[in-house]
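Colleague: I have a model open and some questions about it. Can we go through a few spots?

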Amino acid sequence: MINPFFANKFEQAVKVTGCPLCYMRQQAEVKYIRSIISDHINDPASRVHIINSLGYCPTHTWKVAEVEKREDGESLGTSIIYEHLALVITERLEKLKRYPNLLAQDNPLLQQARKYLPQQASPSASLRAEKPCRVCQMSTESDDSYVRWLLEGLADPDNDETRRLYKLSNRVCFDHLRQALDKAVPASAAGLQFLLEDALETLKTLDADLRSHISKYDYDKRSPRSEGEQFSWLRAVYFFAGRREGDNPRPEFSDLQT
Ligand SMILES: [Zn+2]
Ligand SMILES: [Zn+2]
């Protein structure tokens, strides 16, 4: 049986442009970021994690700032996180202030000797994160569940609603297809089979459209391009790169949509 939590989100996700699982992951990230900002900003355990991971990865640092500004119209949470972090980094930089002097004093003999010493930490070690970005971790966990639930839904012998919805979507991206291969289990094997057959069909059509599109740059210049050909390059980008954050250019998926 399809997971009801997944079914609800999937129905929305198939309506947007690009990979539906990328969209679901992006939405889960927004929800998680909102919970950090509204509930956990002053929670000591969360603060420790934020310091250990030195905030978030570049993508999620932007996302935290943008989500708060867009949804709450302010930047108090972002300011609290980075005020604390700026203080921590200032203390660490103070300790590194003497490093350029030590470096300048270094001589060739010392450099030779260093080769025989045990591997030392890099000069920037204290400015690097001990733990991964928490949003990345959460995002991987939710991605994992969504991929498994999609496979379960597509494998359900008593209900083909997930298959019908999937055919309305722009199909999963390359990364999510690989994840599906790795996460399928015996009970969801039929779902994987459906996904692979559909991906093969979609890619063959894409390849044919790309070939015609290319030929019309050259020897076939006068023939008009079909919609499928015209947007084939964009469909290829969506497949190989996945869905982008925010607004996505809208290609006309005129091939296999039913
Ligand atoms: Zn994807
Ligand atoms: Zn991240």
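Colleague: Where does Arg171 lie?

Modeller: Arg171 lies in the loop between H9 and H10. Helices here are DSSP runs of H or I with at least four residues, numbered from the N terminus. Keep in mind that this is a predicted model, where local features need pLDDT of at least 70, side-chain atom pairs count only at pLDDT 80 or more, and totals for chains, interfaces and linings use all residues. Residues are numbered from 1 along each chain as its sequence is written, and chains are lettered from A and ligands numbered from 1 in the order in which they are written.

Colleague: Is Arg171 buried or exposed?

Modeller: Arg171 is buried, as 26 other C-beta atoms lie within 10 Å. Buried means 20 or more other C-beta atoms within 10 Å of a residue's own, exposed means 12 or fewer, and partly exposed is in between, with C-beta atoms placed from the backbone.

Colleague: And what is its phi near?

Modeller: Phi of Arg171 is near 75 degrees, a positive value in a residue other than glycine. Most residues other than glycine have a negative phi. Leu54 also has a positive phi, near 50 degrees. Leu54 sits in the loop between helix H3 (44–52) and helix H4 (58–72), and is partly exposed, with 18 other C-beta atoms within 10 Å.

Colleague: New topic. Which residues touch the most other members of the largest nonpolar core?

Modeller: Cys19, Leu21, Leu150 and Leu151, out of 24 residues in that core. H8 gives the largest share of this core, 7 residues. A nonpolar core is a set of buried Ala, Val, Leu, Ile, Met, Phe, Trp, Tyr and Cys residues joined through C-beta atoms within 7 Å.

Colleague: What is Leu21 in contact with, leaving aside neighbours within four places in sequence?

Modeller: Tyr146, Val147, Leu150, Val172 and His176. Contact means that the C-beta atoms of two residues, placed from the backbone, lie within 7 Å.

Colleague: At what angle do H8 and H11 pack?

Modeller: At about 90 degrees, with their axes 7 Å apart. The axes are lines fitted to C-alpha atoms, for helices over the stretch in contact, and angles run from 0 to 180 degrees between N-to-C directions. H8 is therefore roughly perpendicular to H11, a label for angles of 65 to 115 degrees.

Colleague: Which residues of H8 meet H11?

Modeller: Leu151, Glu152, Gly153, Leu154 and Ala155. On the H11 side, the residues include Ala189, Gly191 and Phe194.

Note on methods
Helices (H or I, at least four residues) and strands (E, at least two) are DSSP runs, numbered from the N terminus. Angles under 35 degrees count as roughly parallel, over 145 as roughly antiparallel, 65 to 115 as roughly perpendicular and the rest as oblique.
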